[in-house]
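Please look over the structure below.

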Amino acid sequence: MNYHNYYPVDIVNGPGTRVTLFVSGCVHQCKGCYNQSTWRLDAGHSFTQAMEDQVINDLNDTRIKRRGLSLSGGDPLHPQNVAAVLQLVKRVRRECAGKDIWLWTGYLLSELTAEQQQIADIIDVMVDGKYEQAQRNPSLVWKGSENQIIHYFKIDN
């Protein structure tokens with residue numbers, strides 16, 4: 001898997017202060033997407049073991065109270081990203097007590113493959129659905145268009 005951007009301190013992509021990883025690769029390529037540079041699977045940098053360790057270390061760094069991990073892109077549920085994302089979210093669950101995990105995807109919850117569903121079963125919140133430029137609404141919180149749905153699996157917000 002490749003990642004396009006990494007923010008060890010982020011207050012935009014989910015509630016509270018977060019660690020945010022923008023992965024590379026997206027099959028949806030929505031018209032009006034604000035992050036087109038993440039569409040190619042080979043864009044950005046290789047997501048190495050050292051980078052995974054950095055994510056875990058940043059989540060556990062007590063100098064900044066971080067609420068959790070945000071995964072965006074591109075699309076974290078792109079078939080070629082699933083194995084690395086699954087490994088990462090499992091590790092966050094094991095090693096980062098009390099941290100929530102948010103994920104944005106163009107896939108609908110009802111469309112997920114068995115492999116993608118494994119990730120959904122671990123995370124706390126998933127924002128699903130393609131960005132629809134005709135349904136854009138800048139007043140929405142945590143999503144860009146009216147058709148997208150925020151699924152709260154494990155936390156109340």
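## Strands 5 and 6

Leu-103 has its bridge partner, Met-126, in strand 6. The model is predicted. Strand 6 spans residues 125–128 and pairs with strand 5 in the parallel sense, over three bridges.

Strand 5 also pairs with strand 4. That pairing is parallel too, with four bridges. Within strand 5, Ile-101 is the bridge partner of Leu-69.

How are the strands ordered? The sheet is open and has seven strands, in the order 3-1-2-4-5-6-7. Its pairing is mixed. Strand 3 (45–46) and strand 7 (149–152) are at the edges. Each has a single partner strand, so one side of each lacks a neighbour in the sheet.

In general, strands of a sheet pair through backbone hydrogen bonds, in either the parallel or the antiparallel sense. Here, strand 1 and strand 2 run antiparallel and are joined by five bridges. Strand 2 and strand 4 pair in the parallel sense over six bridges.

Strand 2 is mostly covered, with six of its six residues buried. Arg-18, Thr-20 and Phe-22 point one way. Val-19, Leu-21 and Val-23 point the other way. In a regular strand, side chains alternate between the two faces of the sheet.

Val-23 has opposite residues in two strands. Tyr-3 stands opposite Val-23, and so does Gly-73 in strand 4. Thr-20 stands opposite Ser-70, also in strand 4. Six of the six residues of strand 4 are buried, so the rest of the structure largely encloses this strand.

## The nonpolar core

Which residues have the most contacts inside the largest nonpolar core? They are Val-55, Leu-69, Leu-71, Leu-88, Val-89 and Ile-119, in a core of 29 residues. Helix 1 (49–60), helix 2 (82–95) and helix 3 (114–120) each supply at least two residues, as do strand 1 (2–10), strand 2 (18–23), strand 4 (68–73) and strand 5 (100–104). Helix 2 gives the largest share, six residues. In soluble globular proteins, nonpolar side chains tend to be buried together.

Take Val-55 as one example. Leaving aside neighbours within four places in sequence, Val-55 is in contact with Tyr-6, Val-19, Phe-47, Leu-69 and Leu-88. Two of these partners, Leu-69 and Leu-88, are also listed with Val-55 among the core residues with the most contacts.

## The largest pocket

The largest pocket has a volume of about 700 Å³. Its lining has 31 residues. Closest to the pocket centre are Tyr-34, Trp-104, Tyr-131, Gly-144 and Gln-148.

What is the class make-up of the lining? It has 12 nonpolar, 15 polar and four charged residues.

## Trp-142

Where is Trp-142 placed? Trp-142 is in the loop between strand 6 and strand 7. Its phi is positive, about 70 degrees, although Trp-142 is not a glycine. Most residues other than glycine have a negative phi.

Is Trp-142 buried, partly exposed or exposed? Its relative accessibility is 26%, so Trp-142 counts as partly exposed. The cut-offs behind this are 20% for buried and 50% for exposed.

Notes
Residues numbered from 1 in each chain as written. Predicted model: local features only at pLDDT ≥ 70, side-chain atom pairs only at ≥ 80, totals over all residues. Heavy atoms only, no water. Core = buried A, V, L, I, M, F, W, Y, C linked by side-chain atoms within 4.5 Å. Buried < 20%, exposed > 50% of the residue type's maximum accessible area, 1.4 Å probe, protein only. Contact = heavy atoms within 4.5 Å. 1 Å grid on protein atoms, 1.4 Å probe; cavity = no way out; pocket = protein on both sides within 12 Å on 5 of 7 lines; lining within 4 Å. Points joined across faces, edges and corners; volume = space filled by probe spheres on them. Nonpolar A, V, L, I, M, F, W, Y, C, P; charged D, E, K, R; others polar. Pairing = 2+ DSSP bridges.
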